[in-house]
Amino acid sequence: MPEADKELVSIRRFLKERLQRDYTTLRGYAEERSNVRLLLQRTAEMGESNSLLLIGPRGSGKTTLINAVLADVLPNKAFAENTLVVHLDGNLHTDDRVALKSITVQMQLENAADGKVFGSFAENLAFLLQCLKAGGKHSKSVVFILEEFDLFCAHHNQTLLYNLFDVSQSAQAPICVLGVTCRLDVIELLEKRVKSRFSHRQVFLFPSSQRFEEYVNLCKELLSLPSGDSLLLAAERIYSLQNIHSEALHFSRNHFDPGEYGFSPKVRETWNKQVGKVLATQQAKSTLQTLYDFDISEAYLKNFLFRLVAHLQPQSPHITAEKMAAVGSQFESDDKIELLCGLSVLELCLIIAIKHHSEIYDRDPFNFEIIYARFSKFAKVSTTMQAVERSIVLKAFEHLRIAELIMPLSGGAGGGVGKVQKEFEMHKLALTYGQIQHSVQRYQALPTEVAQWAQSSLI
């Protein structure tokens, strides 16, 4: 393999791994990061028990913030030796029994008490609480990380949450409970007895409405190659993650190793110069502006850049504005429009009839009979839709409902499912007029009369 191709493979692999497997680099949220770090340090060094909730939309960086804080405090030998990290996930630990078994395994208590740990739920819980309560201020501290915290609120009687918060409120073994959730109303899900024991510390993470120039700079940073010194510093930081003695918290084992890579100054300078040049062009800025208008989160940008880097080949080894535009067009596509373009001509005709009804009657609900009457007027003068049986049209209408392009009204006129015949059940349109218009323009081999009917309800 030529030297230039080897360099490209190395660059592509490095960028893809950094975009996909860098779990500890957090940009922004300095104050929130400092608050969580201080909480963990006080638990480990001063024996204080605390509880805190991290709340924010998916992809905002909640888990990354916890990982980054752990990477900050793990080089401290006192923290690494005196702290146990227990990781639970609401999607995996679906009830308190499963969660308790996982806790006992992660705290390395499964061989204690002659195997009684894995007896009944009550024995398991009593033993775990006895272990936690037997400790004092100088015991090993335990950090509980509860991903999908809102799912733990659905467990029977919220027994696990009640006992964890109860221990954190009393002068027993120091524990820190960190809950991670995307639900803003999560406090309302807690029972009164649980809520009274929660410290009510909440940290909200929302993607900052950064200026577009900062967004472009972030893109440049994610595509640039770092210097050798930066790679070594990052590798040392990642190496400290080995101090996490937890089988459940596996991000440390899956984290990419910057120490495996090294780029010559000439290669790095040439690559970074090319990236800067491309991002300065108007076409690249226009593509990034479209992404920025749709979603300002870093996770969305990383997803875009990963696809962009994956397109690099020896024949075209550089990122160009044209490649960015091509990949960006995939992100601009509307799933509903793609779905509409895959419908049969009959189904699209029903969508057009629904569109006309909604325009005339200001998005009033409709049923099959109303739409069939409008469709029949068009079918009488159409050469394409003549002699289509009513049963076939009803089947096409049901298919639109299954595809969720039209939605049944849960209540109101007509009532719910089963109370009326399906022909008379009321529905509402789940599309915008613009989506219908775009799909008509893009539909392959659509009869001219159908396209003309889409423009005007007059027949």
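**Ground rules**

I number residues from 1 along each chain as its sequence is written, and side-chain values use heavy atoms, with hydrogens and water left out. Since I am working from a predicted model, local features need pLDDT of at least 70 and side-chain atom pairs count only at pLDDT 80 or more, while totals for chains, interfaces and linings use all residues.

**Entry: domains**

I began with how the chain is divided, and I found domain 1 (3–10 + 211–332), domain 2 (28–204) and domain 3 (337–455). These bounds come from an automatic or database domain assignment. I then looked up the C-alpha centres of domain 1 and domain 3, which lie 45 Å apart.

**Entry: the largest pocket**

Rolling a probe the size of a water molecule over the atoms shows where empty space is left. A pocket here is an open set of points on a 1 Å grid over the protein atoms alone, where a 1.4 Å probe fits, with protein on both sides within 12 Å along at least five of seven lines; lining residues have an atom within 4 Å of a point. The volume is the space filled by probe spheres set on the points, with grid points joined across faces, edges and corners.

The largest pocket comes out at about 1,200 Å³. Which residues lie nearest its centre? They are Gly59, Gly61, Lys62, Thr63 and Thr64, out of 45 lining residues.

I sorted the lining by type and got 16 nonpolar, 18 polar and 11 charged residues. In this scheme Ala, Val, Leu, Ile, Met, Phe, Trp, Tyr, Cys and Pro are nonpolar, Asp, Glu, Lys and Arg are charged, and the others, Gly among them, are polar.

Next I asked which elements contribute, with helices (H or I, at least four residues) and strands (E, at least two) taken as DSSP runs numbered from the N terminus. Those that each supply at least two lining residues include α1 (3–21), α3 (62–73), β2 (83–89) and α16 (298–310). Helix α3 provides the largest share, 5 residues. Domain 1 and domain 2 each give at least three residues to this lining.

**Entry: the second largest pocket**

I noted a volume of about 330 Å³ for the second largest pocket. It is lined by 17 residues, and Arg18, Asp22, Thr25, Ser230 and Ala234 are the closest to its centre. Two or more lining residues come from each of α1 and α12 (228–239). Helix α12 gives the most, 6 residues. By type, this lining holds 8 nonpolar, 4 polar and 5 charged residues.

**Entry: aromatic rings**

I counted rings of Phe, Tyr and Trp (its six-membered ring) as paired if their centres lie within 6.5 Å; planes under 30 degrees apart are stacked, over 60 edge-to-face and the rest tilted. The structure holds 15 such pairs.

Why is the pair of Phe212 and Tyr215 stacked? Their ring centres are 6.5 Å apart and their planes are at 25 degrees, so the pair is stacked. Both residues sit in helix α11, 3 residues apart, about one turn of the helix. Phe212 and Tyr215 are both buried, where buried means under 20% relative accessible area, exposed over 50% and partly exposed in between (1.4 Å probe, protein chains only).

For Phe304 and Phe331 I found ring centres 5.7 Å apart and planes at 80 degrees, so this pair is edge-to-face. It links distant parts of the chain, with Phe304 in helix α16 and Phe331 in helix α17 (residues 321–332), 27 residues apart. Phe304 and Phe331 are buried too. I also noted a cluster in which ring pairs link Phe14, Phe256, Tyr261 and Phe263.

A charge sits over a ring if NZ of Lys or CZ of Arg is within 6 Å of the ring centre and within 35 degrees of the ring normal. Arg193 lies over the face of Tyr162, 4.3 Å from the ring centre. Arg390 lies over the face of Tyr372, at 5.4 Å.

**Entry: loop residues**

Most residues other than glycine have a negative phi. His200 has a positive phi of about 65 degrees, and its place is the loop between α10 (192–195) and β5 (202–204). Glu404 has a positive phi of about 60 degrees and lies in the loop between α21 (390–402) and β6 (406–408).

Is Asn367 buried or exposed? Asn367 is buried, because its relative accessible area is 9%. I located Asn367 in the loop between α19 (345–360) and α20 (368–381).
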